[in-house]
Amino acid sequence: MKKSPLQKARAAYQPKLPIVLTGAVKAIEGKPTQSVANQAEIQALFPNTYGLPELKFEKNPAPTAGKPVNVGVILSGGQAPGGHNVICGLFDGIKKIHRDSRLFGFLMGPGGLVDHKYIELTSAIINEYRNTGGFDIIGSGRTKLETKDQFDSGLEICKELGINALVIIGGDDSNTNAAVLAEYYKSINAGVQVIGCPKTIDGDLKNECIETSFGFDTATKVYSEVIGNIQRDCNSAKKYWHFIKLMGRSASHIALECALQTQPNVCIISEEVEAKDMTLDQVVDYIANIVAQRAKYGNNFGTVLIPEGLIEFIPAIKKLIAELNNILAINAAETAGLSSAQLEEFILSHLNEENAATIKSLPTTVARQLMLDRDPHGNVQVSLIETEKLLSEMVGKRLAEMQAAGQYDGKYSTLHHFFGYEGRCADPSNFDADYCYALGFNAACLINAGVTGYMSSIRNLVKPAVQWIAGGIPITMMMNIEHRNGADKPVIQKALVRLDGAPFKKFAAQRDDWAMNTCYIYPGPIQYFGPSEVCDQPSLTLRYEHQGK
């Protein structure tokens, strides 16, 4: 494999571990836990893995000799920077337990477990992927582990390979699958542990014990570099409004973090739009008024950050999408063979009066995307809706109305961007390289502790890595019941941007100044080598969340 000079230098980086994980450890049990909501329902669904205690690792002054363990690892869902380091940390961790331990990687996600497609990850393979981006070491996939047949097929290959534990590296849905798998294997005494690791660049898999999901730090720094570059160009040419859509369907953590790092003129936070019960027209008016105010001072340029999932947070459209999903889930057989025109007619005839009025008020292209573009699970494909173009066009129309009324006298030219895949496979920042390696090494410790249904947890993340706290939390602790595809299902509760949280308050206190003045910050590219204040800082979201704790 040919490598760039940076890749070669980066391969030599040795991630920093929490001091507690550098020697033998013992697991200290905390209090029993309960799910964040729907306690009775979740307990009934997970009788064997509900209510387990939190675990914290401490130094073990009297360690015993370890036995070889065979472990399977799965990368599930979308890519996130640092995934390779989780696997490297896991490999090193099980080799520390015993040098004869073996690691098997299931290919292309959970489907590899079900279909028995795997490779053994040897030290030669592992060493090629240390501190690199991407998931290409074994690939990833989005197969859901939901059925008994899938679980049993996975168990067959585990027995064949002598696998004692599975580590599933994924987001909220993937770790929900891990919890379901752990429960099933425990209920039949299969002898296979299941451990999860928190992955998603969206930042919506977190709580007090999972302070951030891995990949968020790197991805937001990559996006912020490019936003900064655009803002420098914007402030140089002084003639374009840049509408920039950022990943984050279910939460606006990426948009908020990038705003804190770059100080754009406008950043829309979906959770605030929903809390204020704003309409699409009100969002458009908010942006148009800022454009008009800047034009008064001759500033016919600016930047607007938009979360990918904004459309779903506008209350009227959220109600519409919920009914659309239900209609299509309940009538799946009846609508399967319909043409696009027939499907549109079917949907419009089944919508309630309020939602029918909402869909008719939208631009034709957006209305059709909502009705016709579905993912394999029957949900609206929000990422395909070009929200950045929709908003810029609607702002343009609003400005034309304002100009006709003598309320606006400026020039309005737009450019559009969507930053998503650009950040998902970047080489991890020092923070993510360290955090991911620690998560994987910690997962090996959880395996050695004999537990199942736990998520690897590394805390105290605003401190130097040696001071991080290692342990695990039961996955069921993070779960609630949600209505999906026409049925109630147990899922890990998504963490949304808290409007009473320190990061949002910091943003809200400054955004009016950013709107009227040109306060751009240019973060520049991620740095791997140099002073700690340049290379090793966590996200601003993490820093602000920990201030005062």
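Hi everyone, let me start with a charge and a ring: the charged end of Arg 232 sits over the ring of Tyr 522, 3.7 Å from its centre. By "over a ring" I mean that NZ of Lys or CZ of Arg is within 6 Å of the ring centre and within 35 degrees of the ring normal.

A quick word on the model. It is a predicted one, where local features need pLDDT of at least 70 and side-chain atom pairs count only at pLDDT 80 or more, while totals for chains, interfaces and linings use all residues. Residues are numbered from 1 along each chain as its sequence is written, and side-chain values use heavy atoms, with hydrogens and water left out.

Back to charges. Lys 245 lies over the face of Phe 418, at 4.3 Å from the ring centre. Which residues does Ser 383 contact, leaving aside neighbours within four places in sequence? They are Lys 245, Glu 308 and Phe 418, where contact means heavy atoms within 4.5 Å. Ser 383 lies in the loop between α17 (364-372) and α18 (387-404). Helices here are DSSP runs of H or I with at least four residues, strands are runs of E with at least two, and both are numbered from the N terminus. With a relative accessible area of 31%, Ser 383 is partly exposed; buried is under 20%, exposed is over 50%, and partly exposed is in between, using a 1.4 Å probe and protein chains only.

Now, rings with rings. A search of the whole structure finds 12 aromatic pairs. In one of them, Phe 106 and Tyr 118 have ring centres 6.3 Å apart and planes at 65 degrees, so this pair is edge-to-face. Phe 106 is in strand β4 (residues 102-106) and Tyr 118 in strand β5 (residues 118-120), so the pair ties together parts 12 residues apart in sequence. For the cut-offs, rings of Phe, Tyr and Trp (its six-membered ring) pair if their centres lie within 6.5 Å; planes under 30 degrees apart are stacked, over 60 edge-to-face, and the rest tilted.

Last stop: Ile 163, in the loop between α6 (148-161) and β6 (165-170). Ile 163 is buried, at 4% relative accessible area.
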